[in-house]
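Here is a short briefing on one structure. Have the sequence and the coordinates open as you read.

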Amino acid sequence: MPEQKPPTEAPAAPHVIAPEVAPEAAPEAAPEVTAADIARLAGVGRAAVSNWRRRHADFPRPVGGTETSPSFALAEVTDWLRAQGKLAEVPLRERVWQYVAAHPGGSVAALVKAGSALLLVRDRPREWLEAAAVSDERMAALLAPAIDRVLALRFGPVHPLGAAAPLTPASVPFLRAAAELAAELGTKGAFEFLLGRHLEANPRQYTLTPDGLATLMAALAGPSPRTVLDPACGTGTLLRAVPGAITRYAQDSSAELASLAALRLALQSDAPVRAAAADSLRADAFARPAAEPVDAVLCHPPFNERNWGHEELSYDPRWEYGLPARAESELAWVQHALAHLREGGTAVLLMPPAAAARRSGRRIRADLLRRGALRAVVALPAGAAPPYGIPLHLWVLRRPAPHAAAPSGLLLVDTAALADGPGPGTGRAGWAAVHGAVEEAWTAYARGGPAPEVPDVPGVRRVVPVVELLDDDVDLTPARHLPPPAAGGGLAELTAVRDRLDSTLTRAARLTPPAPPTASPDRPAAAPPRLPLTTVGELARAGALLLYTGTGSGAGGAPVLTEYDVSAGTGPSGTLADAAEQPLLTAPGDVVVPLTGGAGVARVVDAATAGAALGRGLQLLRPDPAALDPWFLAGFLRATANNRRASSHASTTTRLDVRRLELPRLPRTEQEVYGARFRALAEFEDALRLAARLGEQLVQGLYDGLSDGTVRPE
């Protein structure tokens, strides 16, 4: 998972620890929170915090910030809220996250601090308990050497986390809270929760590899590798997807990411972890002969890097298949991966589609084919991984043994037709079909030896003779070498789509809402009624509804309802990120609202959606059936003016504060009248969506059929 940040300075040498990486190196201050943070911590609006400051003389004094936007010591605020009985309902995980978000060194520094302490809890529980039994001052003095010992034991004497500086007593409440969270979720689950919240809060800083794609790449690498390397590891998602007690090698140009990956992998199992913070191409920390070759390499490299080291690495021995052009950084990563494999070892890389066709890389692609290093190119559906609008490729490679016969054909697979939605990210069933088809094709190909025989599937897979590919372009794009599938699934399928479209359009026409009455001289427009209003926050405090925020993580196999699903009106399509806690599952009558985008969407959970886990970026409102009609609630939450009032605007996103959304105070019987009308509108909207999808499918099928001759023009 390559959550790489573009290097902004000269890359560090292998194992050199940049000063900013050792989060303990700077003098430590107590975490601070703003009034908005206090409001979230207590589950109230910002106005309530202002009232507390005016009415309570013992409210904590500001310790920083400005006069108009002061900040307060988190420990003092927490103690005051607890004493006032205003903190009891805030979950432990939310309080721990506030420590992370408010850490003076930044969220990553807090995560590294928490992860190091959790590793001590996991590996040396007795040592942690002895340290935790003393005062905060004494505990701060004991923890640093204890953490140093456990880090050196797990990662070796040199690692990207550096040495832990002495902790101040201000950090101890945070670490105690992290350990308390570990008692609830497990050490692995606690760190996964905090890391997930950090990634969710900073979506533009990281390029994430989805868990479903990581699982597929790990499956293609083979069933039982003993050692595996990711030279662009990000937070370690690809290495984490490989099962078994194997040795994992991780390197990333970002010292922050290398540290997070090391902790994440160490908290997953007792298997050895070796991590380094340096640019893998310029400063390879696991170069041969100093390091042994590995059984497998998994990599999601950075794309389209022009400053990858073309000039200074011109004579590097890794370029066994040719020096990559300046614009072909991806082919440098391919050869870097091959250079680290043992003979017969497998590398799986996520690649941009241009790498299969650019003329500047044709000679390297040709040599990879001739010598049998490149074995398969798999075109994924658009949305499988960022950038989501591009159908990325997987390249599967093996390091050829000397004098071994090269395979006579290259496996090409195109999965675009197998997915039923965007990404893994695509629909859950669609991604399962993609994973199954790719793994089945690769398993059959790998069993075939030098002359693999895999039955062709039109439009999906084919083993193309290498000699056919060695032309002037050496274009390895799968779609250009696969026989086309039958248009639209065949004439029978087109007929079925047309019949279904007819019935859907008829249903949409029947559901079309009646026109509202128009004003006339005889009947002037009536002024809108002034209804007494309340807010979602007030209803939650009164017990009329419950509020939950989705995480998309947990134990079990429940599908995940994502933001896309809610906005598009589709079924649950996501998969759970692994965590120890049980996920929050939807129930009929729940109302789900996306928190970002400002689109004014609210969806009532029905029988088809019930039982799904709530994904990240979603808020669930569970109304008391005796007090609130769910369709009445959802209908008013969708109002454009309502959403504008309750939205805040950052530089690139709009975020909704659900507690500020308003709806009228009406008796349950009057709510049902509104609810029935809102429900009818939702059914009409669903019919229009379905008609649009069927229309697109029919039109494209007819275009394809007329073009390939399966549909006659007369």
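How many bridges join strand 9 to strand 11, and do they run parallel or antiparallel? Four bridges join strand 9 to strand 11 (residues 409-414), and the two run parallel. This is a predicted model, in which local features need pLDDT of at least 70, side-chain atom pairs count only at pLDDT 80 or more, and totals for chains, interfaces and linings use all residues. Residues are numbered from 1 along each chain as its sequence is written, and side-chain values use heavy atoms, with hydrogens and water left out.

**Strands**
- Helices (H or I, at least four residues) and strands (E, at least two) are DSSP runs, numbered from the N terminus.
- Two strands pair if DSSP finds at least two bridges between them.
- Strand 9 (residues 374-379) has six of its six residues buried; buried means under 20% relative accessible area, exposed over 50%, partly exposed in between (1.4 Å probe, protein chains only).
- Strand 9 also pairs with strand 10 (residues 393-398), in the antiparallel sense over five bridges.
- Ala376 stands opposite Val396 in strand 10 and opposite Leu411 in strand 11.
- An open sheet of four strands has antiparallel pairing and the order 14-21-18-19.
- Its edge strands, strand 14 (545-549) and strand 19 (603-604), each pair on one side only.

**Helix packing**
- Helix 7 (residues 136-155) packs on helix 8 (residues 172-185) at about 75°, with axes 10 Å apart.
- Axes are lines fitted to C-alpha atoms, for helices over the stretch in contact, and angles run from 0 to 180 degrees between N-to-C directions.
- That makes helix 7 roughly perpendicular to helix 8 (65 to 115 degrees; under 35 is roughly parallel, over 145 roughly antiparallel, the rest oblique).
- Contact (heavy atoms within 4.5 Å) involves residues including Met139 and Leu143 of helix 7 and Leu175 and Arg176 of helix 8.

**Salt bridges**
- The count comes to 35 salt bridges, each a side-chain nitrogen of Lys or Arg within 4 Å of a carboxyl oxygen of Asp or Glu.
- Glu192 pairs with Arg240, the closest N and O atoms being 3.3 Å apart.
- Glu192 lies in helix 9 (residues 187-201) and Arg240 in helix 11 (residues 237-240), so the pair ties together parts 48 residues apart in sequence.
- Glu192 is buried at 11% relative accessible area, and Arg240 is buried at 12%.
- Glu328 forms a salt bridge with Arg358 at 3.0 Å between the closest N and O atoms.
- Glu328 is buried at 0%, whereas Arg358 is partly exposed at 21%.
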